Amino acid sequence: MPQIHEKIHELTVGQLSARSGAAVSALHFYEAKGLISSRRTSGNQRRYTRDALRRVAFVRAAQRVGIPLASIREALAQLPEERTPNRADWARLSEAWRAELDERITRLGRLRDHLTDCIGCGCLSMETCALSNPDDVFGERLTGSRL
C-alpha cells in the first residue's frame, strides 16, 4: 500500500483510491451522492482531506454488510459538523442497522431453504412458491391471474 507522508494533509483522487482500495469512479460516485467531499484546486482538480480515508472505509464496510447508500448518507449526515465517523459512531449506527440486517438474513435463509425445492419441481406455484409468493400473500389479497 502506498504510504503518504504525514505532512501531506490533502490527497489527490488517485492517492485516495490507492489508499482506500476504492476505484476512482467509485470515489466520484460517493462524492456525487454526498458521502465524501473534496475541494477544487485552481486547476479544478479534486483534493480530499486525510479523513476522507476513514469515511470511505466506513462507506465500504457498511456496503459490504448490505446497507443501502441512502441509509449510509443519512447516518453520516447525523454526525456533528459532518465529522468523520469513529469507533463509537460505528457501534451506534451498526446497532441501529441490526434489525434490518436480521430481517434480511431471515429472508435469505428462507430463500436458501426453499430454493432447491422450487428448482426441483419447476412449478413456481403462486400458492406455495416461497420465491414468488411467500406465505401465499397474493392469495389473501387477490383473486384470478394477476401476476
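**A loop residue and its surroundings**

Analyst: S38 is placed in the loop between α2 and β2 (39-40). Please keep in mind that this is a predicted model.

User: Is S38 buried, partly exposed or exposed?

Analyst: S38 has a relative accessible area of 23%, so the residue counts as partly exposed.

User: What is S38 in contact with, leaving aside its neighbours within four places in sequence?

Analyst: With those neighbours set aside, S38 contacts E31, R46, R47 and Y48.

User: And how far apart are the C-alpha atoms of S38 and E10?

Analyst: The separation is 9.3 Å, although S38 and E10 are 28 residues apart along the chain.

User: Which side chain does E10 meet in a salt bridge?

Analyst: E10 forms a salt bridge with R39, at 2.6 Å from N to O. This pair links distant parts of the chain, since E10 belongs to strand β1 (residues 10-11) and R39 to strand β2, 29 residues apart.

User: How accessible are E10 and R39?

Analyst: E10 counts as partly exposed because its relative accessibility is 27%. R39 is also partly exposed, at 41% relative accessibility.

User: How many salt bridges does a search of the whole structure find?

Analyst: The search finds 6 salt bridges. Among them is one between R98 and E95, whose closest N and O atoms are 3.5 Å apart. Another joins E100 and R104, with the closest N and O atoms 2.6 Å apart.

User: Where do those two pairs lie?

Analyst: R98 and E95 are both in helix α5, 3 residues apart, or about one turn of the helix. E100 and R104 are both in helix α5 as well, 4 residues apart, again about one turn of the helix.

User: What about the accessibility of R98, E100 and R104?

Analyst: R98 is partly exposed, with a relative accessible area of 45%. E100 is partly exposed at 31% relative accessibility, and R104 is partly exposed with a relative accessible area of 22%.

User: Changing topic: what are the elements of the chain, from the N terminus on?

Analyst: They run β-α-α-β-β-α-α-α-α, which gives the chain 6 helices and 3 strands.

User: How much of the chain counts as buried?

Analyst: Of the 147 residues, 27% count as buried. The chain exposes about 10,000 Å², and carbon and sulfur atoms supply 52% of that area.

User: Which residues touch the most other members of the largest nonpolar core?

Analyst: They are L16, L27 and I72, in a core of 24 residues. The elements that give two or more residues to this core are α1 (13-20), α2 (24-32), α3 (52-64), α4 (69-77) and α5. Of these, α3 gives the most, with 6 residues.

User: What does I72 touch, not counting residues up to four places away in sequence?

Analyst: I72 touches L35, F58, V59, A62, Q63, I67 and W97. Two of these residues, F58 and W97, bring us to the aromatic pairs.

User: How many aromatic pairs does the structure hold?

Analyst: The structure holds 3 aromatic pairs. In one of them, the ring centres of F58 and W97 are 6.3 Å apart and the planes are at 50°, so this pair is tilted. F58 lies in helix α3 and W97 in helix α5, so the pair ties together parts that are 39 residues apart in sequence. F58 and W97 are both buried.

User: What kind of pair do W90 and W97 form?

Analyst: The pair of W90 and W97 is edge-to-face, at 6.1 Å centre to centre and 75° between the planes. W97 is buried, with a relative accessible area of 9%, whereas W90 is partly exposed, at 29%. Together, F58, W90 and W97 form one aromatic cluster.

User: Finally, which residues make the nonpolar surface patch of about 240 Å²?

Analyst: L108, L111 and L115 make that patch. L111 is placed in helix α5 (residues 87-121) and counts as partly exposed, because its relative accessibility is 32%.

Definitions and conventions: Residues are numbered from 1 along each chain as its sequence is written. This is a predicted model: local features need pLDDT of at least 70, side-chain atom pairs count only at pLDDT 80 or more; totals for chains, interfaces and linings use all residues. Side-chain values use heavy atoms; hydrogens and water are left out. Patches are made of residues with over 30% relative accessible area and no salt bridge: like charges are joined within 9 Å, nonpolar side chains (Val, Leu, Ile, Met, Phe, Trp, Tyr) within 5 Å. Accessible areas come from the Shrake-Rupley method with a 1.4 Å probe; for residues, only the protein chains shown count as cover. A salt bridge is a side-chain nitrogen of Lys or Arg within 4 Å of a carboxyl oxygen of Asp or Glu. Buried means under 20% relative accessible area, exposed over 50%, partly exposed in between (1.4 Å probe, protein chains only). A nonpolar core is a set of buried Ala, Val, Leu, Ile, Met, Phe, Trp, Tyr and Cys residues joined through side-chain atoms within 4.5 Å. Contact means heavy atoms within 4.5 Å. Rings of Phe, Tyr and Trp (its six-membered ring) pair if their centres lie within 6.5 Å; planes under 30 degrees apart count as stacked, over 60 as edge-to-face and the rest as tilted.
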